Amino acid sequence: MTTTSITNSSRAASILSNGWVLIKKIPPIYPIFFVIFITVGILNPNYQTMNGIFNVFLRRASPLAILAIGQMIVLASGGFDLSVGSMITFVVVGSSMLLSNDPQKAYSTIAIMMVAGVVVGLINGLTVSVFRVPSLIVTLGMLLLVKGVVMYWSGGAPKGYFTDNYRWFGRGTIDNVPIFGKFPIALIILLVISVLAWFIFHRTNFGKQILAIGDNVRASQLSGVRVRLVRTTAFVISSVLAVVSGVLIGGYGGISTNVGNGLEFQAVSAAVIGGTLLLGGKGSVPNAIFGAFTLEALFNLLNLLGLPKPYKDAVQGIIIIGAVAYAAFSTRKKR
Amino acid sequence: MTISAVPTSGVKQWLRSIRIPPVFYFLVIIFVGGAALDLIFADGQMVRNQTILTNIFVRSVALGIVAIGQTFVILGASIDLSVALVISITSVMTSYIMQGDPANVPLAILVVLAIGATTGLVNGLIITKLKVNAFIATLGTTLILRGILNATFTNFEGSVPRSFEYFGYEKIGPIPVSIIVLVAVTLVGWFILSRTKFGYQLYGTGGNVDVARLSGLRTDRVIIIAHIICSLTAVITGLFLVSRLRAGAPWVGTDGVYDLESVATTVIGGTALAGGKGGVWGTLGGVLIFGVIDTLFNQLGINPYMKNILRGAIIVLAVASYTIRSKRESA
């Protein structure tokens, strides 16, 4: 009778409202990414194939994604790392000069670059923690300093080539994989790093401490968090990931002193689009990765639409502001 | 019994209240040290040649004017990264409109001031109404401006009439006009910050925006005005640069790294990045430090690439030298 109909409609209503609650929980980055990516797919039939998606798009997006993970960790701790762009330039130009076409040196070159990354990360982290200089200033100084070192070392005109085994990281693929066809090494590296980063950031105390520092430094200090250690480690992670990213970029890009220009801002944008709060306290590894993918898809979209480069910049700016405003809006509501 | 206050004349009291920002001690040390290095390793022209001394100031004018604007914004706990593009756009639009004809000068100046004010307004609105973080907001504005600029101009455009070069090259007596403008801008900035209601509101908003808002300050309006002021100073810098270059080019602002350097000099000058503390005189000191260092490097004939390395290190060390004394943990 009437009771059954009421129960039926109220059950339907409760299912709908439950579904809606679930939908609202999805971080905004995923729908944004899928919309943009599907648009790209429609416009460019290349991206409708497995090969197109994995071998071309994801491989090209991997360096930015790795960079975004590192940047997200620093942002979540309440700081900035503006030096990563120069680090990438350093890795690309420096590697080409150290390698000088000798395949034997590939692995030692990469090792040297990793050490350089750790050193820069340590300098960044210690200056912020011990000398209490704002990270914006420290990493800005590092940006100029590392760029200067690169220019000084190479005399402004980088020479040398990358050997094939060095290029393998950025350019190589594993062929004849079922379903996927060619699977890029760069993507494998990204996957390994993301799993590690996810575990460290979301499942260990260390990750929680980073978020705590970003939220309220004094409270974390009083709770016993070793702020200096955690902060310095975050910067070291960011610099080392920048080195990895640089090796990948060097693998399929050219050698120039402009390689890293603006990449630090792209990394910050990717992390922020992925929902990281700029003053710290909130961040997530998968969201940051998808933020990078979204940015990359956006670049592709603008290319496909045939916009001349100047308009690409303008649209990129508008969309970044829009995405951050949207993310800020949804975060504010939850507060 | 009569209570008698300690009699101090107004002037003496005012003199006692002036606090010299630490950056000026730094400046003196660097100048003296630099002069010593110069005397030992080079021909000591830096101290003996008056042209070179004045040059230190002239080099500082461009960065100085925009840094003063940046000081306003940073005092409000915000930041403006779009100044480099505003400078570029100003230089290009100025020479484009002027086309070498002195009759067009007032029109050109009005147009670029309007562009600057609009940019500042847009920045401020995005930050306050859309609640986007200042870093990202001005980064986005930079990209938008760069897109518009590159879409319309690709090379040097038009030219500046001789009469306008007065700004960049002429002197009144022994002092170049540009330095007078720099000092004037600094004085106006100081006056606004310390003697007007807006100045106090800016310090309050920067110190703690929530408390300011709850105390009744229209914080949105304060920040928007600060951004407009910053963009206007960027316009003035652009006008200065174009009057020296005689023609505008789209890379003027970014080549000079005016965005990051204006932030750096402001912080070196003692203004806290988190806002609420600092002032324009400190920023001027920071700019002069950069000017001295630049001239010193030129005198010593240091490799230009090495200049960047040293500049980066100096920025960090200078700020570290007094943040190390602060008890607060920084970001």
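**Note on a predicted two-chain model**

1. Thr186(B) is buried, because 21 other C-beta atoms lie within 10 Å, and a residue counts as buried at 20 or more. The model is a predicted one, and within it Thr186(B) belongs to helix H9 of chain B, which spans residues 177–195.

2. In chain A, helix H7 (residues 164–171) has Tyr166(A), Phe169(A) and Gly170(A) as buried residues. These residues lie on the same side of H7(A), because they cover an arc of only 95 degrees around the axis. What the buried residues of H7(A) pack against is a set of chain A helices, namely H4 (84–99), H5 (106–129), H8 (185–203) and H11 (227–252).

3. Turning to the contact between the chains, 44 residues come from chain A and 41 residues from chain B. On the side of chain A that touches chain B, at least two residues each are supplied by H5, helix H6 (135–154), helix H12 (263–273) and helix H14 (309–334) of chain A. H14(A) gives the most to that side, with 15 residues.

4. As for its composition by class, the side of chain A that touches chain B has 29 nonpolar residues, along with nine polar and six charged residues.

How values were computed:
Residues numbered from 1 in each chain as written. Chains lettered and ligands numbered in written order. Predicted model: local features only at pLDDT ≥ 70, side-chain atom pairs only at ≥ 80, totals over all residues. Helix = DSSP H or I, 4+ residues; strand = E, 2+ residues; numbered from the N terminus. Buried ≥ 20, exposed ≤ 12 C-beta atoms within 10 Å, placed from the backbone. Arc of directions from axis to C-beta. Contact = placed C-beta atoms within 7 Å. Nonpolar A, V, L, I, M, F, W, Y, C, P; charged D, E, K, R; others polar.
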